[in-house]
Amino acid sequence: MNLPITRDQAIELLNSFPQEQSDMNHYLETEAIMRALAEKFGEDKEYWGMLGLLHDVDWAITKNSVSEHLKKAPEILKKAGFSEEFIDIILSHGYGHEILPELKDRERTKKIEYSLASAETLTGIIYAYALMRNGRICDMEVGGLKKKFKDKSFAANCNREIIKEIEKTGMTLEEFFSLSIEAIKKIKDQINLS
């Protein structure tokens, strides 16, 4: 699938807005997991990675008014040359969220949509768990992550039901946790983990 901009240009696009490091970390983690999922499913790694990297493209300018999130994304992405299909997949990670009026009654139906929503939500639990372990991800294990996943009070704003949507792709939660930990380990230096 053709992408209108390179990864470096996508990073420039993100940096054209005032980004916080924690948000950039989240985009990079989501990109890493999406690339790993694409590899597992035999899909286009560049395309899936770009979805992960840009899924919250308007967050920096909407996070103070969360109900506006994903309203500015289509315009930003269209201007950068992205297709309607790409934009629709980006919007799908907001489906079902009560706080996003235009998207709350829509449902994800495609493997790529389940993957993006699950990936971007799981990053919160993985990063919080790594911070709890003094910033270490290098020796994080699936068993420990599973315990944190089951503890609903841990990283409470990470919706476990959305993460479980990965099972609609035919993947088990355990496989997803393992793949995601390994994907994030590869970029640990870029996101201030060890």
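**Local contacts and helix packing in the predicted model**

Threonine 62 makes contact with Glu68, His69 and Lys72, residues up to four places away in sequence being left out of the count. The structure examined here is a predicted model. Within this model, threonine 62 belongs to helix α4, which spans residues 59–62. Its relative accessibility is 2%, and threonine 62 therefore counts as buried, the cut-off for that class being under 20% relative accessible area.

Aspartate 58 is located in the loop between α3 and α4. With a relative accessible area of 0%, aspartate 58 is likewise assigned as buried. When residues up to four places away in sequence are not counted, the contacts of aspartate 58 comprise Glu68, His69, Leu70, Lys71, Lys72, Ala73 and Ile76. Among these partners of aspartate 58 is Lys72; the two residues are separated by 14 residues in sequence, and their C-alpha atoms lie 5.9 Å apart in space. Glu68, His69 and Lys72 are also the residues touched by threonine 62, again not counting residues up to four places away in sequence.

Helix α6 covers residues 84–92, and its buried residues are Phe86, Ile87, Ile89, Ile90, Leu91 and Ser92. The elements that cover these buried residues include α3 (45–54), α5 (73–79) and α7. Phe86 additionally takes part in an aromatic cluster, which it forms with Tyr47 and Phe82. Across the whole structure, the search for aromatic pairs returns four.

Two packed helices are described by the angle between their axes and the distance between the axes. For helix α7 (residues 111–132) and helix α10 (residues 173–185), the packing angle is about 70 degrees and the axes are 11 Å apart. This angle makes α7 roughly perpendicular to α10, since values from 65 to 115 degrees fall in that class. On the α7 side, the contact involves Ser118, Ala119, Leu122 and Ile126, which meet Phe176, Phe177, Ser180, Ile181 and Ile184 of α10. By residue class, the contact of α7 with α10 consists of seven nonpolar and two polar residues, with no charged residue.

Charged side chains positioned over aromatic rings were also identified. The charged end of lysine 148 sits over the ring of phenylalanine 154, at 5.0 Å from the ring centre. In a further arrangement of this kind, the ring of phenylalanine 149 has the charged end of arginine 160 over it, at 5.8 Å from its centre.

Definitions and conventions:
Residues numbered from 1 in each chain as written. Predicted model: local features only at pLDDT ≥ 70, side-chain atom pairs only at ≥ 80, totals over all residues. Heavy atoms only, no water. Phe/Tyr/Trp six-rings, centres within 6.5 Å; stacked < 30°, edge-to-face > 60°. Lys NZ or Arg CZ within 6 Å of the ring centre and 35° of its normal. Axes fitted to C-alpha atoms, helices over the stretch in contact; angles between N-to-C directions. Helix = DSSP H or I, 4+ residues; strand = E, 2+ residues; numbered from the N terminus. Parallel < 35°, antiparallel > 145°, perpendicular 65-115°, else oblique. Contact = heavy atoms within 4.5 Å. Nonpolar A, V, L, I, M, F, W, Y, C, P; charged D, E, K, R; others polar. Buried < 20%, exposed > 50% of the residue type's maximum accessible area, 1.4 Å probe, protein only.
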